[in-house]
Amino acid sequence: MVYHGPSGGCKACRTRRVKCDQSRPSCHNCIRRRQNCPGYADVFDGAHRSQNSIVLRRVERQNALRDSTPNSDSPSSNNSAEHTSSESTPSSTGSTSAPSSKPVRKPLQWVIYSAPVTEIETKHDDSEAAGKNEKNAIVRPRHSIPPMSIALKPDSEEASTCFFFRHYTGTVYDENVHSGFALMWQPLFLKSSVDSPLRAATTAFTVNITMMWCLQGCDTRPARKLLTKAISATRQAIQNPTPDKMDELLMTILIFDLYDSMVQHYVPTPVSSGKHKEGALALAQLRGKTNYDNPLTKGLANATRSALLTHALGARTHLMPGAENLFNDPAFPQTKAAELESITVEIIALQARLWDMRRTGRRVQQVYEEVIMEAISIDDSLVEWRQSITDPRWLPQYVYRDDVAPSLRAAGFYGEQCAVWPDLIFAEMSNHYYQRRLLNLQLIRQALADNPNFLAKPENVQLLHTTDATVQCLVDAVCDCIPFHLGDTVVLTNPVYSDEINFPIKTLRDATTGETTTIPYQIPVYKTRAAASGGWTLFPYVCEIYRLAEPEDDAAPIVLREGQLDWIKGQVKRMQKIFLYCDPVW
């Protein structure tokens, strides 16, 4: 029997379930039965009838099923204890359960972007026996109608973009610290037109990120299709760039470069990542003096310089032709980050000089001596740069092993303390410093290793011992920051569940005013960002140590204390498990 839609008969015939001839004003069935025909319903009543009662019944069944299932989740607590005796007291967050006891979460689904069920915070002041833990207990409100736990699924591309800007963009701006690339991304995106290359590139990148969290892989067909579309639109726009679109174009090219960098974490073969840097450099050169006209253009120029420096350091090559002009520009902003970049330019030039000579097979003793002397001078500049920092936000605070949750110690805690900062961007600058100094000291070690005759002099033996000791301290500093970036996470954990992750937290008490400050600031925001991108920013620095200790070529390996390299390898495997990275490629 073929269904042709809802019946159009009168109400009496529909009640009796008989065929109605739909005559007007009265059907023949009602005339034959000598009763008044009730008439016909509106043709749209069947198609547009209310579904509220059906949906409410479905929700009631879902809520009943959920309430009948034992719930192993417990809201994490970041409330620090009251401190009255000491001036500086560390504290830890969350429960003290081991990482293995955490509930296993399903892959991210689009429905999570819908409005969550309303939760209210209720304080139980009536009973003193309730205890401190109940004061901040989160409970569900009681309503006469069950709360809606389902919602319409939004557009997947729009949902990906919202997810990215919610969990990945920064919240703290300091022109002395970073380029502000993440902070400028969303404003530029919102100002751009719907069909702009920036929108297409952002969508490609965010879809790639979201599909990774959905366990769908990286650089999948939907993301690659969007990226191809974005590149095609950029090629058309760059043929005749207008001054008002230059910022959008440069941001778009930097996003392409970021996309390639992300793919390198997931593709087990080397990926060419220099082509988009060349495009960004060419566009920055085209902009000329306008690179530093306002905070927006300045931030984009800083991001371009940072990408060029990172590429040259990793490849052990010179800066791309013309890139030096970006660092020698008189309009170059003199900030602490800029000072570190200027020193990094010297390290890149010295590193390229040494490795160019080694690649040719020539071993010129005079060049080695010059490399050692220049590396010592650069190391002095790095130490002076670090000592010139007066902003307390730049300097790490330390939390001791006994003051953190056992789950943090079990997940990955090296030594007797870990470092914390007010925000991830300050930790990023510290890791920049550690990495730059490590690479510079490695030049000294490499020059001494290539010329064993140098060690015939006692002063060179002492230089090697001092260099090795400093390298060990810098590696320890990188290991100290791992809990701050990863917390106690040991498995894939979507950023939407970041409240379940324990992180080290330090509480400082002002001796004069008595006010307390927690580090990091804005703990819920920090936990969200750390769960999303903490491993992304930390992974390159840990892998750099791994590479220096076990180089892929004939480079001299750094010497670490017994067992530390195995611990670092374990943390690399941990991040591979959390973020689904492939093995490091070098």
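Is Asp553 buried, partly exposed or exposed? In this predicted model, Asp553 counts as partly exposed, at 32% relative accessibility. Here buried means under 20% relative accessible area, exposed means over 50%, and partly exposed lies in between (1.4 Å probe, protein chains only).

The model is predicted, with local features requiring pLDDT of at least 70, side-chain atom pairs counting only at pLDDT 80 or more, and totals for chains, interfaces and linings using all residues. Residues are numbered from 1 along each chain as its sequence is written, and side-chain values use heavy atoms, without hydrogens and water.

Side chains of opposite charge can pair when their charged atoms come close. A salt bridge is defined as a side-chain nitrogen of Lys or Arg within 4 Å of a carboxyl oxygen of Asp or Glu. The count by this rule is 19 salt bridges. One of them joins Arg316 and Asp553, at 2.7 Å from N to O. Arg316 sits in the loop between helix H10 (295-315) and helix H11 (324-328), and Asp553 in the loop between helix H18 (523-549) and helix H19 (564-579), so the pair ties together parts 237 residues apart in sequence. Helices are DSSP runs (H or I, at least four residues), numbered from the N terminus. Arg316 is buried, at 10% relative accessibility.

Glu339 pairs with Lys336, their closest N and O atoms being 3.1 Å apart. Both belong to helix H12 (residues 336-360); they are three residues apart, so about one helical turn separates them. Glu339 is partly exposed at 33%, whereas Lys336 is buried at 17%.

Glu552 and Arg547 also form a salt bridge (2.8 Å, N to O). Arg358, Arg363, Asp450 and Asp554 are linked in a salt-bridge network.

Key. Helix = DSSP H or I, 4+ residues; strand = E, 2+ residues; numbered from the N terminus.
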